[in-house]
Amino acid sequence: MGDTVLRRKVDQRDRGKLGAELHQFARELFPICRSITGEGLRQTLSIIGRRLPLQIVEIATGTPILDWVIPKEWNIRDAFIKNSHGERVVDFQNCNLHVLNYSTPIHTKMPLSELRPHLFTLPQNPDWIPYRTSYYKENWGFCLTQNQMLGLKEGEYEVCIVSSLEDGQLSYGECFFPGTSTEEVLISCHTCHPSLANDNLSGLSVATFLAQQLLGRNLRYSYRFLFIPGTIGAIAWLAKNRESSKRIRHGLVLTCLGDRGPFHYKKSRQENAEVDRVVEHVLNHTDPSATILPFSPYGYDERQYCSPGFNLPVGCLMRSVWGTFPEYHTSADNLDFIAPHSLAESLEVCASIVDILENDQRYKNLAPFGEPQLGRRGLYPSTGGTSPELELNARLWTLNLSDGQHSLLDIAERSNLPFEQIRAAAELLLGSRLLELAVDNRADRTSIE
Amino acid sequence: MGDTVLRRKVDQRDRGKLGAELHQFARELFPICRSITGEGLRQTLSIIGRRLPLQIVEIATGTPILDWVIPKEWNIRDAFIKNSHGERVVDFQNCNLHVLNYSTPIHTKMPLSELRPHLFTLPQNPDWIPYRTSYYKENWGFCLTQNQMLGLKEGEYEVCIVSSLEDGQLSYGECFFPGTSTEEVLISCHTCHPSLANDNLSGLSVATFLAQQLLGRNLRYSYRFLFIPGTIGAIAWLAKNRESSKRIRHGLVLTCLGDRGPFHYKKSRQENAEVDRVVEHVLNHTDPSATILPFSPYGYDERQYCSPGFNLPVGCLMRSVWGTFPEYHTSADNLDFIAPHSLAESLEVCASIVDILENDQRYKNLAPFGEPQLGRRGLYPSTGGTSPELELNARLWTLNLSDGQHSLLDIAERSNLPFEQIRAAAELLLGSRLLELAVDNRADRTSIE
Amino acid sequence: MGDTVLRRKVDQRDRGKLGAELHQFARELFPICRSITGEGLRQTLSIIGRRLPLQIVEIATGTPILDWVIPKEWNIRDAFIKNSHGERVVDFQNCNLHVLNYSTPIHTKMPLSELRPHLFTLPQNPDWIPYRTSYYKENWGFCLTQNQMLGLKEGEYEVCIVSSLEDGQLSYGECFFPGTSTEEVLISCHTCHPSLANDNLSGLSVATFLAQQLLGRNLRYSYRFLFIPGTIGAIAWLAKNRESSKRIRHGLVLTCLGDRGPFHYKKSRQENAEVDRVVEHVLNHTDPSATILPFSPYGYDERQYCSPGFNLPVGCLMRSVWGTFPEYHTSADNLDFIAPHSLAESLEVCASIVDILENDQRYKNLAPFGEPQLGRRGLYPSTGGTSPELELNARLWTLNLSDGQHSLLDIAERSNLPFEQIRAAAELLLGSRLLELAVDNRADRTSIE
């Protein structure tokens, strides 16, 4: 049996306090103007690096990566639209969403009619600023509220974007904890969105805190955390790690984990991968309104990890699903939209997932002919305890199915009992010499090879 | 990729016009007194032969075929019952259903009491004439409406059936279109019913028009159309083609395709044959109230094709199921009971089925590591088009699952997108050199062997 | 084909008369104070032995059996609590449930306060006596109604239990009918409960009557009936028959078969064993409100038979499930709680199960190419009979699926027709030389090896 159970360690802390810390971390990162390259991204990785042993990887513009090429690096200092009175009617200093992300530099005057094709609004939510990008087609533009737009009178405007789009680097952060096995668990989150909270400061915060929980533990699996720009970052990492990516045995993309909606888990392309079963089990016992979604090739970076050449067992854990909530990719996805309680619960779910991955072993019942006499060993619960039937049930199931073929997760699934209950029963039965570890547990075998 | 898509060719015609032509064809055939042998059957095949290169096969009475023997040939010129005033109170010239099909000749007088056992009515539908046969037990009789029956007064009647039941031939029609592969698609319909429209002038008409659509096309599979008397015709064909029947890779029995009910598809005995999946897919995307039925050994000629010695992958496509609509096997199954619109829609469904069979190939993604950069190739739809998400989705699914293992139908099923959408995506990706045909496509391999 | 069909033999008797006989048998056994050892158990086996060739097996106290040891033998003659007036306020002679089963002897006086920890009641059912045991921890006690308890005044009581707990024997009964095959069907029921009717005089009675039905029949399988004390008896039998238990191909634990509830069947650990399919089929066609339960390692002696070292295909047939009805393990589980009609119906279900096990063979259609001409053989039902379509359907299904791969049960399941209908069709087709027995029927093959 492994170390202390991670989930219990998380639970022992006050959920309110934990949620507040997660939210505070998101708050610290919120104002930074991130993109898929540039100083905002570097600054974000540097703040994460204060908490974790993070390796920063940089790849030069123009480097071919799989079917793609590292783009130019984008940086921005200021941007505004001034009216004829010299007033900043749209101002990057107020909100970094106001600029079309990856806008080329510009400083000129033009009439409103010429400016209009470069302005983006959300007519159906007239007080929200949309989030728009143009990474791979050079363009410039401003995002503003529909009400701002309506306030613009015909006339001449000064348009200024103090940005640069030049040869540079694409940056990402990587944090690796070696375990007993060389097989890896991948946790990936995107770090390229500017002032958006749920998408994806929530995923980034939960991933950071989860990694902190793993620091210094004796681990069965090796763990790899990636903090990367969406799409291009995952492609860059895969291009650099084509061979070693084969060691990834389980993986999760973390995103949209701070809103108040129920959990959603999108399965890996394999759809019956162990991680798919593990997450489904945890959500079944955590959130009655959780939904398991089939794989689809549209979404976050699971698209890349699950491309047919790699076909890694990587799913995507979310609360609300991108594109299904109106705040998605707007200024309304702000710090109020994410709740400390939701962030803490998301971290707990991740801890439970890790606990199953770390402890899901196969055991052999050492007294498999008939039931062993539990009473003699003090394992037939006396009527005093809390839910003695549940405990006895977990012991009987664990004995009955521990034939070297069924893992503890198999037993938890078939008995419909929480994994932790089965794990605790196995620990007790192991102590009573009624179980032994089966020799062929895959992860451990692999590390010996 | 194959020729032009058949379904599109059908759709481009006006459905109203197409339905009218189908209905007109059924109308032309309606008055003929068909049976499982004889001149009515020959005349029907001859009319079909004006549209198709139809080979007429004849087998002599007494020839053993599997467990059966070709029966005597039946022909009829006239039949009536005259009352004491010499009035034809039941008259074959009014409706050929009035005679028990395969009645032996008779000309005599008898009192009503003696005649009664030879009279068949439908008390629950007093204005309808039932359809009855006695192929394998010599008998004579009349079918009449319950109201006609009630009008018969006691007394002497003249009973006359001018028929012959003599050594002759059993006839059927066969039409074959060779394709690239020697593997065959079988389309079978029964042509032995007299003036009944849905059962089965509808199936016969749809089959004829479908065959006309295939004329002159470059085909992947070879296609075989059978226009045969029910049961005995299928048995005769199977007896003559025992070895070559093994080339049938997909098959459909077409019947009851003209009424206004929703589609029903009865699966082949194999139940997971490719044709079963193809029809289910087409109906899922065509008719929300379509029903998929399990195989059963009772029904139309799929009984014979799916007998255990042959076990061919042949299902049965219907709208309303035989025996479940009151008009079944009565004079109410007439030209009003079948609708031009229904006939046209049935033909469209058949065309879609053929399109999948012709185009269901496996492809290999040539850029399988990560997603290829679609934008660079103009394959990331610009926001102008209609349903760009749907098109992009189809492309991403096709890329993601084109690993040489999944066919386009597999991809359509898993993505829940219409096959045609996936086929169109594959065609586009093929043009962009992002896909290539996998080498092991079964149909084509077989033709090389 | 086997002997006369057992179910028909049962059905031909009057269900009322059969139920009365079953109930009378339970009535005869009801007053005896049974336990897991001792004279009450011996007397019960002796009464069963009047009806069956029952071998009584005894194993001495102290004998190790698997992880357990045979306990001391318990016997009891009398027990009471007398108040200060010398009145028996709790009296074993009135109901043997009044004594904690396996109570050590005691004769003393004590104040009520000292007596209380040894008294057990059911406050929620104040007129019922609970049933309690203490087999493996020496103790003494009395079970009484809550109302009796409330009537006890403070003061001195005479407490007397005239029991013995000494080295002796554990007894069980075994009845074996050899069949053509050495493969066995196991029927097991527990016989250790004192005056409780549903749990388990009902199971014991049905098992006895079922065995009587098998007496003198030509059997395909060998049948083994076990009348054993719960848990320790099953463990003792398994310990003595570790090797020969491998011959058990199908098994059922019978319990709670007399109440008025719908049937429940708990599957074997294998969950797809043939017996699981057989019982599910019979219940589907018998009791529309029957429920199939998944295996769980908690329950009756299927716990032992399905322990991972044995993993026998043994399920548990019940009407109401233990622990789910309030009368369970109380004096309300009496002769009124079990109904003659329910007992008779339970026996009928068991007979149907045996009929399937005995007759479930694979056949080969001897005219598999096309349908054979049934009319010529008088097998196409004339319209006179009752449900001719059902009979024809059974014949067509049996012909269609008799390819040597599908057993009659496979055919019954796929056609959704009762097994008996399929069996009758097979018998008829066998008579018409349209079927022959496939050579590879497992049970018969095994007996040759």
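User: Where is B:Asn200 found in chain B of this predicted model?
Analyst: B:Asn200 is found in helix H6 of chain B, residues 197-214. The model is predicted.

User: What kind of peptide bond runs from B:Asp199 to B:Asn200?
Analyst: That bond is cis. Its omega is near 20°.

User: What joins A:Asp199 and A:Asn200 in chain A?
Analyst: A cis peptide bond, with omega about 20°. A:Asn200 is found in helix H6 of chain A, residues 197-214.

User: How do you know how chain A and chain B are related?

User: What makes the contact between chain A and chain B, in residues and area?
Analyst: Chain A gives 20 residues and chain B gives 21 residues. The area buried between the two chains is about 1,900 Å². Carbon and sulfur atoms give 49% of that area. On the side of chain A, A:Asp67, A:Pro297 and A:Tyr298 lose the most area to chain B. Together they account for 34% of what that side buries.

User: Why is the pair B:Glu371 and A:Arg303 called a salt bridge?
Analyst: The closest N and O atoms of the pair are 2.5 Å apart. The cut-off is 4 Å between a side-chain nitrogen of Lys or Arg and a carboxyl oxygen of Asp or Glu, so the pair qualifies. The count between chain A and chain B is five salt bridges.

User: How many residue pairs are in polar contact across the interface of chain A and chain B?
Analyst: The rule finds 13 residue pairs, both residues at pLDDT 80 or more. On the side of chain A that touches chain B, the residues divide into 10 nonpolar, five polar and five charged.

User: Why is helix H7 of chain C called largely enclosed?
Analyst: Helix H7 covers residues 232-240 of chain C, and seven of its nine residues are buried, so the rest of the structure largely encloses it. The buried residues are C:Ile232, C:Gly233, C:Ala234, C:Ile235, C:Ala236, C:Trp237 and C:Leu238.

User: Does C:Ser352 count as buried or exposed, and how do you know?
Analyst: Its relative accessibility is 11%. Buried means under 20%, so C:Ser352 counts as buried. C:Ser352 lies in helix H10 of chain C, residues 340-359. Leaving aside neighbours within four places in sequence, C:Ser352 is in contact with C:Arg7 and C:Val282.

User: Why is A:Glu271 called partly exposed?
Analyst: A:Glu271 has 24% relative accessibility. A:Glu271 lies in the loop between strand E14 (264-266) and helix H8 (274-284) of chain A. Its phi is positive, about 65°, although A:Glu271 is not a glycine.

User: What makes B:Arg433 count as exposed?
Analyst: B:Arg433 has 70% relative accessibility. Exposed means over 50%, so B:Arg433 qualifies.

User: Where does B:Arg433 lie, and what is its phi?
Analyst: B:Arg433 is in the loop between helix H13 (419-431) and strand E19 (435-437) of chain B. Its phi is near 55°, a positive value in a residue other than glycine.

Key:
Residues numbered from 1 in each chain as written. Chains lettered and ligands numbered in written order. Heavy atoms only, no water. Buried < 20%, exposed > 50% of the residue type's maximum accessible area, 1.4 Å probe, protein only. Helix = DSSP H or I, 4+ residues; strand = E, 2+ residues; numbered from the N terminus. Contact = heavy atoms within 4.5 Å. Buried area = accessible area lost by both parts, 1.4 Å probe. Polar contact = N/O pair within 3.5 Å; in protein donor to acceptor, adjacent residues only side chain to side chain. Nonpolar A, V, L, I, M, F, W, Y, C, P; charged D, E, K, R; others polar.
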